[in-house]
Amino acid sequence: MPCYSGKAITLTIWLVMMCLTVTHAQDFVQLVPNPTFADEDANGKADGWYNKEGSPKLVTDQDGSYVSLQVTEAGKGCVLEEYHGLKGAKQITIAAKVRWENIVPGNKGWKSGTVQIMFVDKNNKKTGPYQAIQTFKGTNKDWKIITKTLDAPDDAMGLRIHLALYYVQQGTLDAQWISITPGNTAYQPDGSTIDGHVAPVPKPVAKPANKSTATVATTAADQGVQLVKNPRLLDEDGNGKIDSWYNKDGSPKPVKQDGQTYAFLEVQKADGQCVLEQYTGLKGAKLITISTNVRWRNIIPGNKPWKSGTVQAMFVDKNNKKVGPYQAIQTFKGTSNDWSIISKTLDVPDGALGVRLHLALYFVKQGQLDVQWISVVSGVQALDADGKPVNDQSQSITVEPAKKLDTTSSQSTSSAAPVSSDMTLPAGDGPEYAGIKGVSLLGSDPLAQLKPFRNTDQFTATRFEVSGQPFKQAVRVTNTKQPDAMWDMQLRGKGTAPVRKGDKLLLTYWVRSVAIDTEFGETSFLTTFELDEDPWTKLIQIANRFLIGETWHKVQRVYTAKRDLPVGKSAFSFQFGFNPQTFEIGGLSLYNYGPDIASDALPSVKAKLYNGHEDDAPWRKVAAQRIEEIRKADMHISVVDSHGKPVSNAKVDVKMTRHAFRWGTAVYRWFFYGMNPRNKQYQERAAELFNFAVLENGMKWGTWESGAKNRTAINEAIRWAKNNNIQMRGHTLVWPSFSRSPERLKVLRYEPDKLRDEINKHIRDIVTANNGVHTEWDVLNEPKTNHDFMDILGVEEAANWFKLAKQLDPEAKMFINENSILSGVKVANFESWIKRLREAGAPIEGIGMQGHLGVGTASPLRMWEIYDRFYDQFNVPIAITELDVLNDDEELQAMYLRDVMIASFAHPAIESIVFWGFWDGRHWKKNCPLYNEDWSEKKGLKVYKDLVFNQWWTNEQVTTSSQGDAKLRGFLGEYDITVTTNGQSRQLRTSLTREGKQLTIKLD
């Protein structure tokens, strides 16, 4: 089919417009070149239509000729697309004859069947939102005509029509014809009208009066100026929509009931949303106060905590781009049947000229939000729609003038403070439990003990007074820029009393989230109490995530110390180097109650866990179905005698011996060198659990060059892997920073040609020496924070590294590897690197996502969204390359490990999971989820064995039928099959792949 450039399309549109002008809206003008999906050139495709994804088929049967879109494999898509010029039409009507069967949506609400259009401007760029003509789910086996009339945006010159199954689990969509005509009358392709279609003629749009470009300064007289248009949410023109407000999603309705008028937002279907939005100019205001009268009923959040009801604001600049974070006025859950006035005063960020208001139910399971009026006024006084003062009836705090915390850095080193050798616990003066008073580990004023640490110019920490809470002071933290890592912004303080192994520690604080620089975000930070020097062993670690707009949430945990920490050797911190955000901490305390008190004698608040942790969470059923479909296949075994006749009632033992899926671990090269007795146990345990391995540091550039003894250890590890049928991945060819590469390279910073030669020389050396050893290579590692070499040599040179490695080891797949992807911190940057490298010709054949996770770093559904996002864009396998779950609570650690494994195994993009160590005796954080340092089993190991070698393992015995057949469905992998009958046995080995296996076993 011909291919046209964007310029050619634009020129064609203009020529058509000059020649054809629609003078009467009701004249029949067919805009679709091929409305009946004819295939005149007999190439199997509808002429003029583009198969964007999948393979829509042309069918001719007793029902006539039609195009059929079908998805049989979960997560696939099938899209037919065509571009149409509008020929000057300002209104169009779309009609289509369709039927659909067994359409099961995907994991996102929009992943379904649809007929939709997208208007485009003269540059072929989208203008306005996507417009769904109809969305299809379930089954309608009879042919049905659907119609819809749409107004074309002012700058629209054409449109794109999509017939699609968007990544559904399964389904079929058939379309017999599709017609697009100017005006508001629905036509069939032959020009006959379709009865029953009614659409309004578009109303003339009044041209807005010229606005003054002068900035209006806010004076005392201006305080209380109403900024919002139509604060009472009225529908004066009777079109069923609220004047001056935009229904961004869903259908907010104006309602009159019980003598009251209000906007009615409702979601009845899981993952539905309903959003009412308005842009409001600020008229020079530096402070604004938003007030609204609301009630809410039965709001059940969606699969993410931020999927809830909300009133929120987004400041924008002169180009309508977001300035600063989203600001939640309040978030709603549950039910409040009474009308309640809520209000909030906001500082206007520098550069903001307007604000967008959202009244919304964001993808909730169900719920209703009613809004009687909403007022946005300049200044600090909360006013109603009539300009009268109102009282906020929601729970709030009183904030006194804030005092900025001391910005003296508390960065600690081993010599930063004298270390007390006295481990005697002083007398306690804290809260008493079981007759024991706690000893404060953070002094008499814990908030004062914490000091800003790292990148202190990019965040603020201020103390303020609080009323109406169990504490009187709190600290507000605001970071304005996302650093490279979460630990690059902290409030940190030294411990003031010793901790002994076995001591019981009681941590308490309250947290409230204020703002986050993502539309549907949670504030995120890490709470730690740790050894204040390398290896930073943690006695306490909590990954905190809280929804903006929530009230104060209490965190209270009991911990048993796993090691001694003398005074001067411990540090407590809040680490918050994530997206720009604001959150508040109050009522902080950390007490030591010694070893004698029982843990259950101390109070605790159940941990706020990740969404989907429940045993009956709906995602688990979906995961099980996916695993059945993508990780298993059918095996058909026929047993015959020496004459080829079927043998009935033969016993067939089918025993799996190895997974096709790669379950792996990082291994330490020195456990494969020499005769140390510990080596044997390490090697045996690794071989028992895994079929995939990576040398933890052995293939990194500096280690590779560190001498003959080191090279011998590496070769011994490779030999062990080969002897145990364990495949290997190579990590990493280029870690593109001077700090991650041999010291000798630093002098080449200003000699790019020599630097280029050194990198290429290294790649040739290590890949040639290991040719055929690895199934895949991490060619490029962590480009977000390590990009010195690309800064000097350019992206094109980085693409050449992939090309060179592929040329040297063509059987291996070439990967790019990055951290913090599942947490959402580096997603956009990682996507950008992949796109830029591919554009430069890099053969990127796999995506590595490191898995250094705290409990709840990402919910299972969040993981699927991330996997979908990359798989849909780049269509290459994804590997979880460095998995560990960092948490001292073995129950939580095991539970989250289970769900990470299930969610990943249930996604078709994931082809391997590699632990970054399996034993605390050799683990970078001494906190792996599988083995303790004494080789005792952790709860996570039981989870791993149960999933990998029980639930996801096939070991069955079947009996042949009278036709000599035996059928079963097994997990993909390698098998030993034994057939026994009349004292005879025959054994063979085979592999089960996604295509399935048919075997004929002949008995002698």
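Colleague: In which strand is Gln-273 found?

Modeller: This is a predicted model, and in it Gln-273 is found in strand S14, which covers residues 272-281.

Colleague: Is Gln-273 buried or exposed?

Modeller: The idea is to compare the relative accessible area with a cut-off, and buried means under 20%. Gln-273 has a relative accessible area of 19%, so Gln-273 counts as buried. Leaving aside neighbours within four places in sequence, Gln-273 is in contact with Asp-249, Gly-250 and Val-267, and also with Leu-361, Tyr-362 and Phe-363.

Colleague: What is the relative accessible area of Glu-82, and which residues does Glu-82 touch?

Modeller: Glu-82 lies in strand S4, residues 76-85, and is buried, with a relative accessible area of 3%. If residues up to four places away in sequence are not counted, Glu-82 touches Val-32, Pro-33, Asn-34, Asp-47, Gly-48, Trp-49, Leu-159, Arg-160 and Ile-161. For Ile-161 there is also a distance to read: the C-alpha atoms of Glu-82 and Ile-161 are separated by 5.4 Å, although the two residues are 79 residues apart along the chain.

Colleague: How many bridges join strand S15 to S18?

Modeller: Strand S15, residues 287-300, is joined to S18 by 10 bridges, and the two run antiparallel. One place to look in the structure is Ile-299, whose bridge partner in S18 is Gly-334.

Colleague: How should I read two helices that pack together?

Modeller: Two packed helices are described by the angle between their axes and by the distance between those axes. Helix H12 (residues 890-905) and helix H13 (residues 939-951) pack at an angle of about 25°, and their axes are 8 Å apart. H12 and H13 are therefore roughly parallel to each other, and H12 passes H13 in a right-handed crossing.

Colleague: Which residues in H12 meet residues in H13?

Modeller: From H12 they are Glu-890, Glu-891, Ala-894, Leu-897, Arg-898, Met-901 and Ile-902, which meet Lys-939, Gly-940, Val-943, Tyr-944, Leu-947 and Val-948 in H13. By class, the residues of this contact divide into eight nonpolar, one polar and four charged.

Colleague: At what angle do the axes of helix H10 and helix H11 cross?

Modeller: The axes of helix H10 (residues 827-839) and helix H11 (residues 860-874) cross at roughly 15° and come within 12 Å. That makes H10 roughly parallel to H11, and their crossing is right-handed. In this contact, Val-827, Phe-830, Glu-831, Ile-834, Lys-835 and Arg-838 in H10 meet Ile-866, Arg-869, Phe-870, Gln-873 and Phe-874 in H11. The contact of H10 with H11 has six nonpolar residues, one polar residue and four charged residues.

Note on methods:
Residues numbered from 1 in each chain as written. Predicted model: local features only at pLDDT ≥ 70, side-chain atom pairs only at ≥ 80, totals over all residues. Heavy atoms only, no water. Pairing = 2+ DSSP bridges. Helix = DSSP H or I, 4+ residues; strand = E, 2+ residues; numbered from the N terminus. Axes fitted to C-alpha atoms, helices over the stretch in contact; angles between N-to-C directions. Parallel < 35°, antiparallel > 145°, perpendicular 65-115°, else oblique. Left-handed = near helix turned anticlockwise from the far one by under 90°. Contact = heavy atoms within 4.5 Å. Nonpolar A, V, L, I, M, F, W, Y, C, P; charged D, E, K, R; others polar. Buried < 20%, exposed > 50% of the residue type's maximum accessible area, 1.4 Å probe, protein only.
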